[in-house]
Amino acid sequence: MRYAVSLSHVGDLGRLSKAPFLFVILLWVGGQAWAQCNINSQTDTLDLSQPPCNCTSVNFYDDGGPGGNYSNSRRDTLRLVNPGGRIQVAFSSFSTEPCCDYLAIYDGNGVNAPLIGRFYNVLPPSILSSTDTLTFVFYSDGSSTAAGWAATVQCISGPVNRYDLGGGSPTYT
């Protein structure tokens, strides 16, 4: 499914007034309003370095937004990209149906990247990517919903450094 993102001014922590949208990527602007970060609907990718995000602190919610439950029967994918850098995500709340609904997080571009974790109703730890991309896949069945999650996404500048210990002596790239 592709993103159908619509957003309107909500003032101080108000409810979003337009729907539907799958993931809500929001930016707190001047303490008063929310501004949409642009998601490429063809690739389900958000380049955090582009306006209006500009790698500032970005709030990341499920499709229920900051005050509502997520929807039933979801299979949503979102890729966050920080070209030339890394991404840090800190969850402040996380609530899903314990048996069946989860958020899978991959360290890289797509579901073939290394799986960081599959989170069912447990607050994920703070995540720092080892690449310039994190992939999020949210799945919910059709039986019940919960409050979902709230997280803050930040860009970490600088190149991604890797150490190869495969040959017995470390090499730095």
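**Note on a predicted all-strand model**

1. The protein has 13 strands and zero helices; helices (H or I, at least four residues) and strands (E, at least two) are DSSP runs, numbered from the N terminus. This is a predicted model, in which local features need pLDDT of at least 70 and side-chain atom pairs count only at pLDDT 80 or more, while totals for chains, interfaces and linings use all residues. Residues are numbered from 1 along each chain as its sequence is written, and side-chain values use heavy atoms, with hydrogens and water left out.

2. Confidence. The mean pLDDT (the predictor's confidence in each residue, from 0 to 100) of the protein is 75, and 70% of its residues reach 70 or more. Where pLDDT is low, the predicted coordinates should not be read in detail.

3. Overall figures. Of the 173 residues, 45% count as buried. Buried means under 20% relative accessible area, exposed over 50%, and partly exposed in between (1.4 Å probe, protein chains only). The accessible surface comes to about 8400 Å², with 51% of it belonging to carbon and sulfur atoms; areas come from the Shrake-Rupley method with a 1.4 Å probe, and for residues only the protein chains shown count as cover. Among contacts between residues at least 6 apart in sequence, 70% join residues at least 24 apart.

4. Nonpolar cores. A nonpolar core is a set of buried Ala, Val, Leu, Ile, Met, Phe, Trp, Tyr and Cys residues joined through side-chain atoms within 4.5 Å. The largest has 26 residues, of which F91 and F136 touch the most other members. Two or more residues each are given to this core by β4 (58-61), β5 (74-81), β6 (86-95), β7 (102-106), β10 (133-140) and β11 (148-156). Leaving aside neighbours within four places in sequence, the contacts of F91 include L103, I105, L123, I127, F136 and W149. Another core, of five residues, lies apart from the largest one and has Y102, Y106, A113 and V137 among its members.

5. The disulfide. One disulfide (a pair of cysteine sulfur atoms within 2.5 Å) is found in a search of the whole structure. C99 and C100 form it, with their sulfur atoms 2.2 Å apart. The torsion about the S-S bond is about -90 degrees, so the disulfide is left-handed. C99 counts as exposed at 52% relative accessibility, whereas C100 is partly exposed at 23%.

6. The loop between β6 and β7. P98 is placed in this loop and is exposed, with a relative accessible area of 55%. Beyond four places in sequence, P98 is in contact with Y120 and N121. The C-alpha atoms of P98 and V122 are separated by 8.4 Å, at 24 residues apart along the chain.

7. T135. This residue of strand β10 is buried, with a relative accessible area of 0%. The side chain of T135 reaches the backbone oxygen of G108 at 2.6 Å. Outside its sequence neighbours within four places, T135 is in contact with residues including T77, R79, A104, Y106 and G110.

8. S129. The loop between β9 (127-128) and β10 holds S129, which is buried at 1% relative accessible area. A polar atom of the S129 side chain lies 2.8 Å from the backbone nitrogen of I87 and one lies 2.6 Å from the backbone oxygen of T131. Contacts of S129 beyond four places in sequence are with R86, I87, D107 and L134.

9. S144. The loop between β10 and β11 contains S144, partly exposed at 29% relative accessible area. A polar contact of 3.4 Å joins the side chains of S144 and E97; a polar contact is a pair of N or O atoms within 3.5 Å, where within protein one must be able to donate a hydrogen and the other to accept it, and residues adjacent in sequence count only if both atoms are side-chain atoms. Beyond four places in sequence, S144 is in contact with Y70, N72, E97 and D101. The C-alpha atoms of S144 and T96, 48 residues apart along the chain, are separated by 9.1 Å.

Technical notes:
Contact means heavy atoms within 4.5 Å.
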